[in-house]
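Colleague: Could you walk me through this one? I'd like to hear what stands behind each label.

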Amino acid sequence: MPTVFIAGATGYLGRFLAAEYKAQGWQVRALVRDAGRARASGLVADAMIEAEATQAHTLVGTMAGADLVVSALGITRQRDGLTYWNVDYQANANLLAEALNAGVTRFAYIHVLGAEQMRHVPLVAAKQAFADKLIAAPIAHTIIAPSGYFSDMSDFLDMARSGRVWLFGSGQNRINPIDGQDLAQATVELTRAGAEMAHVGGPDVLTHNQIAELAFAALGRPVKITHLPDVLRRIALKVLPWITPRHISGPAQFFLTAMGIDMACERYGTIRLKEHFADLAAQTPTKT
């Protein structure tokens, strides 16, 4: 039975990865901060390894006998004084160094689609720096770049609940976001196949306008979309780092930049955003 070591196992995608590798016959080791809390949260794993990826010495020996390392490690909002370079780059670099020491044969990394166009964004710059390091390392690699997660689309539903969705420009930029379960399945398939690089999106390519329409439909509300001049998005990108703390400006820079480019790519999976919005709408009924 092959063994996979999963970093970022308690995050949104990490939980799906652990469950999917387990379901497909892998022995799963999950890197966690607190094993008790991870078990209580329902994380599925054969072993839970308590360590801090930002502290290289805590990783020593944790990957012995592992065949594959999959890292979904990264931060969206900066907390505890940690930066993107501390986590998205250095913590992953620590994982890579330990994988090399342990003789692991493949390292898979969950990256971001469109990184080449977003190198100026701090979050993406740190991720791309690690991706470059991984490619140059003496280990087989699989880099998976998702177009976006369903969880990222909740902003559309939140705006629709408030009665209006605000979009920059024409709203015609495209994206095919993917559900965590579908992305986990694709990751298992791609690592098993030995793919080096894959752009992974969900089954439906949608414009921002169409995503807004799906959100209103899920709530049973009339479609109300306001298109703001795209120059406002570009101004916000320049101003935000000066007027907001890093834990706010960092993710805002990423999302505002991604909203300005086309994020559609290869289609994977079967779970549709329409279904996801319907589930969310049913869980939290709209107030009238």
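Modeller: Gladly! Helices (H or I, at least four residues) and strands (E, at least two) are DSSP runs, numbered from the N terminus. Thr3 is found in strand β1, residues 3-7. This is a predicted model, where local features need pLDDT of at least 70, side-chain atom pairs count only at pLDDT 80 or more, and totals for chains, interfaces and linings use all residues. Residues are numbered from 1 along each chain as its sequence is written, and side-chain values use heavy atoms, with hydrogens and water left out.

Colleague: Why does Thr3 count as buried?

Modeller: Buried means under 20% relative accessible area, exposed over 50%, and partly exposed in between (1.4 Å probe, protein chains only). Thr3 has 10% relative accessibility, so it counts as buried.

Colleague: Which residues does Thr3 touch?

Modeller: Contact means heavy atoms within 4.5 Å. Leaving out residues up to four places away in sequence, Thr3 touches Trp26, Gln27, Arg29, Gly65, Ala66, Asp67 and Leu68.

Colleague: And why is Trp242 called exposed?

Modeller: Its relative accessibility is 76%, so Trp242 counts as exposed. Trp242 lies in helix α8, residues 230-243.

Colleague: What makes a nonpolar core?

Modeller: It is a set of buried Ala, Val, Leu, Ile, Met, Phe, Trp, Tyr and Cys residues joined through side-chain atoms within 4.5 Å. The largest one here has 59 residues, of which Leu95, Phe107, Met118 and Phe156 touch the most other members. Helix α3 (residues 84-102) gives this core its largest share, seven residues. A second, separate core of 30 residues includes Val4, Ile6, Tyr149 and Leu183.
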